[in-house]
Amino acid sequence: MDGASSGTGLSLERVTKEFGAFVAVDDLSLHVPAGSFFALLGPSGCGKTTTLRMVAGLERPTRGRVRLGDEDVTDRRPHRRPVNTVFQSYALFPHLSVLENVAFGLRRRRVAEPLTRAHEALALVEMDHLADRRPALLSGGQQQRVALARALVNNPAVLLLDEPLGALDLKLRRQMQVELKRIQTEVGLTFVHVTHDQEEAMTMADTVAVMNAGRIEQMGSPADLYELPRTAFVANFLGQSNLLRGTVVEGPSVGPGSVLAVDVGTGRRVLVPTERAVRTEGEVLVGVRPEKLHLVTRDEEVPWDVNVVGPGRVTDVAFSGVSTQYQVAVPGLGTLGVFVQNISGGGEVRVGDEVHLACAVRHAFGLDGAEDVASGVAEDGAA
Amino acid sequence: MSGTTAAAVTAGVTARPDPPAARAARWRIGEAVVPIIATLAFAYLLVPIVYTVAFSFNDSVRTNLVWRGFTLEAWRNPCGAPQVCRALVNSLQVGLIATAVATVLGTLIAIALVRYRFRGRALANLLVFLPMSTPEVVLGAALLAQFLSLRVNPGFGTVVLAHVMFCISFVVVTVKARVATLDPRLEEAAADLYASPVQAFWRVTFPLLLPGIAAAALLAFSLSFDDFIITNFNSGSFTTFPKFVYVSATRGIPPQANVIGSAMFVLALLLVVAVQLVTVSRRRRR
């Protein structure tokens with residue numbers, strides 16, 4: 001139980017959790033490599049916290065197995081599992097001092113010199129000077145650090161974090177994100193972090209699993225997920241996306257650099273790399289990130305590897321210093337968002353101007369046309 | 001003064017909106033009258049206690065109804081009257097046993113009712129209230145009927161059983177309120193930190209419930225110590241302190257009963273003061 005010094009891998013195998021008729025987690029499988037920082041990202045009610053609680057042993061899976069390293073822990077009670085949790089509400093024991101809170105797990109396992117170790121853990125989170133206080137007298141950020149120390153001090157095989165930064169204000173949250181990442185690198189433990197904040201997941205995790213309605217939509221490195229979303233939910237929940245509905249009319253072309261030609265309405269054709277498309281025939285959604293779009297004022301001659309749509313009319317301009325966000329209404333296609341970095345200094349494009357939108361073909365991605373364009377758009381946490 | 005007051009009162013009744021002067025006058029009356037009423041009310045509440053304490057010092061002969069002069073005789077020899085200390089010891093024994101049993105059982109019931117979902121939970125919740133809402137006379141008589149039909153001789157045992165029964169309700173209600181404020185995540189956190197269910201109970205749940213359990217135990221003890229009606233039905237020849245006082249009232253209550261009553265009152269008062277002092281000093285230390 002004590003042996004985990006540098007974390008252990010975690011595997012969920014076809015895990016399902018039902019509460020009566022409600023399926024909270026639906027046939028979910030994932031593997032978290034030892035020593036990695038893994039984020040479960042999704043809107044509230046998507047089953048991410050239930051997944052975490054099954055790893056901790058606080059919920060029993062209806063079906064499926066939970067493995068830590070090579071060991072099947074599905075039937076083990078929580079106090080017999082070498083995992084520790086940082087709860088969303090922190091759940092510090094109000095009747096114990098900060099020091100005794102941190103020493104709690106050590107004392108239960110009869111570890112030698114629990115208080116010395118507790119002091120060390122508190123020093124790691126820079127809270128040792130408040131070791132004698134009661135938790136009620138600490139601020140939210142301080143309680144969060146104590147909760148982290150209380151879990152870390154046990155050197156768990158896997159550390160579970162259930163929205164641990166949810167109750168902190170924005171500035172403190174950013175600061176704690178950096179610190180959590182530092183601590184994870186320092187102690188080298190396996191972290192599983194549950195959050196609905198996509199920015200938080202992307203800045204901290206090595207691997208992000210996007211969850212929706214009890215299933216994993218897509219799993220991968222933050223950059224992979226962002227650059228190549230495979231579902232409309234991921235495209236919209238992780239950052240923003242412009243999704244155009246269309247039909248494949250040509251291709252895939254043969255050879256390297258294979259592309260699909262998609263008719264996005266009224267004869268307008270755009271190209272999508274075949275390897276970046278989920279489907280290669282029939283109804284598809286063509287997606288492009290707003291910062292990959294450029295505004296071009298004339299229907300100028302463009303190279304073959306650039307998609308251009310337009311003309312459209314600028315309906316909104318939001319200048320935020322670093323960048324400007326434009327909304328462009330293109331007849332037949334709807335409103336598209338465009339981010340332009342403020343490199344040239346000040347925008348020349350105004351509301352009402354007629355523009356065309358250009359995007360490199362290699363930045364386009366193709367999704368299944370049966371999906372809802374708005375899936376994941378209005379969900380919480382899209383910061 | 002009286003002229004303006006009368007004018008103000010009539011103005012207050014007839015004219016509206018109130019002129020500010022009338023409102024001010026009325027307020028002044030309130031300021032003067034409320035303390036008087038409050039003092040009278042407190043006097044009314046406290047007179048019996050003062051009487052009890054005062055007559056514990058009475059130099060009484062057969063009855064303790066007329067003031068005959070000050071003496072410490074009854075305080076020097078509180079067991080002087082026949083049976084009075086026997087009755088007191090009986091009451092303390094019954095109270096301690098009934099409190100211990102009712103507190104343990106009531107606490108377990110309270111935790112179960114709040115924390116677990118089981119068949120018949122709503123019914124149990126309702127039934128626990130019944131002894132509190134049933135008239136004591138009915139409860140006492142019904143209980144005696146039960147004991148007699150079971151051919152159990154009323155005495156010490158039946159009194160303890162009866163007290164446990166009605167004390168449990170109060171313990172459950174008191175502890176339940178405390179359990180409801182307890183964050184279930186704390187017990188999960190304990191389990192997550194390697195505490196077995198038993199350890200989690202003693203290390204986390206119990207210390208956090210302790211103020212509620214202590215309050216429930218005090219309540220149970222005072223209810224048991226005080227009880228006359230149910231006890232009178234179910235005690236046979238066994239005598240508790242309230243029963244002793246009731247029975248001796250017909251021939252004259254000895255001043256020793258006043259002594260014991262006063263002593264109990266002072267003890268309870270000291271206990272409250274001590275608790276307050278501990279709370280204050282603990283708050284300062286933090």
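## Domains of chain A

Domain bounds are taken from an automatic or database domain assignment. In this predicted model, such an assignment divides chain A into domain 1, covering 10-227, and domain 2, covering 240-368. Taken over C-alpha atoms, the centres of domain 1 of chain A and domain 2 of chain A are separated by 40 Å.

## A helix pair in chain B

Two packed helices are described by the angle between their axes and the distance between the axes. In chain B, helix H4 (residues 84-115) and helix H9 (residues 197-226) have axes that come within 8 Å and cross at roughly 140 degrees. Because angles over 145 degrees count as roughly antiparallel and those of 65 to 115 as roughly perpendicular, H4(B) and H9(B) are classed as oblique to each other. The crossing in which H4(B) passes H9(B) is right-handed.

On the side of H4(B), the contact involves Ser91(B), Val94(B), Gly95(B), Ala98(B), Thr99(B), Ala102(B), Thr103(B), Gly106(B) and Thr107(B), which meet residues of H9(B) including Ala216(B), Ala220(B), Phe221(B) and Phe225(B). By class, the residues of this contact between H4(B) and H9(B) comprise 9 nonpolar and 7 polar, with no charged residues.

## Contact between chains A and B

Chain A brings 17 residues to the contact, and chain B brings 16 residues. On the side of chain A that touches chain B, strand E6 (83-86) and helix H2 (98-108) of chain A each supply at least two residues, and H2(A) gives the most, with 3 residues. This side of chain A consists of 8 nonpolar, 6 polar and 3 charged residues.

Definitions and conventions:
Residues are numbered from 1 along each chain as its sequence is written. Chains are lettered from A and ligands numbered from 1 in the order in which they are written. This is a predicted model: local features need pLDDT of at least 70, side-chain atom pairs count only at pLDDT 80 or more; totals for chains, interfaces and linings use all residues. Axes are lines fitted to C-alpha atoms, for helices over the stretch in contact, and angles run from 0 to 180 degrees between N-to-C directions. Helices (H or I, at least four residues) and strands (E, at least two) are DSSP runs, numbered from the N terminus. Angles under 35 degrees count as roughly parallel, over 145 as roughly antiparallel, 65 to 115 as roughly perpendicular and the rest as oblique. A crossing is left-handed if the near helix is turned anticlockwise from the far one by less than a right angle, and right-handed if clockwise. Two residues are in contact if their C-beta atoms, placed from the backbone, lie within 7 Å. Ala, Val, Leu, Ile, Met, Phe, Trp, Tyr, Cys and Pro count as nonpolar, Asp, Glu, Lys and Arg as charged, and the others, Gly among them, as polar.
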